[in-house]
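Please look at the sequence and the structure shown below, and then read the short report that follows them.

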Amino acid sequence: MSSQSAVSVPAPPKMTLKEKRMAREIKKYQQSPHTFLPRATFRRLVSSVTEEQCGAGIRFNSESIKALQMAAEDEITTVFQGSNIVAN
């Protein structure tokens, strides 16, 4: 008989109900093709910041607001991923 030693791999720790709910919510937002922040709110934020920094009179078309929003949400996601790595 050949004796093979079975290496037991510890099972991953079970997730609490709160962790399961958070994982479901994260997966839902990751699979959604929509932006996380409402467009009108983001447009007001961009207008407010540009008015503070550059003065009144600067206008943005919808495509530029959309590009800014996508870039901002990608940056926020990257920051949160980094903070999650540091936290664990």
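## The largest pocket

By class, the lining of the largest pocket has 9 nonpolar, 8 polar and 3 charged residues, where Ala, Val, Leu, Ile, Met, Phe, Trp, Tyr, Cys and Pro count as nonpolar, Asp, Glu, Lys and Arg as charged, and the others, Gly among them, as polar. This is a predicted model, in which local features need pLDDT of at least 70 and side-chain atom pairs count only at pLDDT 80 or more, while totals for chains, interfaces and linings use all residues. Residues are numbered from 1 along each chain as its sequence is written, and side-chain values use heavy atoms, with hydrogens and water left out.

The space in the largest pocket comes to about 880 Å³; of the 20 residues that line this pocket, Tyr29, Gln30, Phe36, Thr77 and Phe80 are the closest to its centre. A pocket is an open set of points on a 1 Å grid over the protein atoms alone, where a 1.4 Å probe fits, with protein on both sides within 12 Å along at least five of seven lines, and lining residues have an atom within 4 Å of a point. Grid points are joined across faces, edges and corners, and the volume is the space filled by probe spheres set on the points.

Helix H1 (17–31) and helix H3 (62–87) each supply at least two residues of this lining, and the largest share, 9 residues, comes from H3. Helices are DSSP runs (H or I, at least four residues), numbered from the N terminus.

## Two helices that pack

Helix H2 (residues 39–54) and H3 pack at an angle of about 95 degrees, with their axes 10 Å apart; axes are lines fitted to C-alpha atoms over the stretch in contact, and angles run from 0 to 180 degrees between N-to-C directions. H2 and H3 are therefore roughly perpendicular to each other (65 to 115 degrees). The contact (heavy atoms within 4.5 Å) is made by residues including Phe42 and Val46 of H2 and Ile65 and Leu68 of H3, and by class it has 5 nonpolar, 2 polar and 3 charged residues.

Thr50, which lies in helix H2, is buried, with a relative accessible area of 17% (buried means under 20%, exposed over 50% and partly exposed in between, with a 1.4 Å probe and protein chains only). Leaving aside its neighbours within four places in sequence, Thr50 is in contact with Gly55 and Phe60.

Conventions: Angles under 35 degrees count as roughly parallel, over 145 as roughly antiparallel, 65 to 115 as roughly perpendicular and the rest as oblique.
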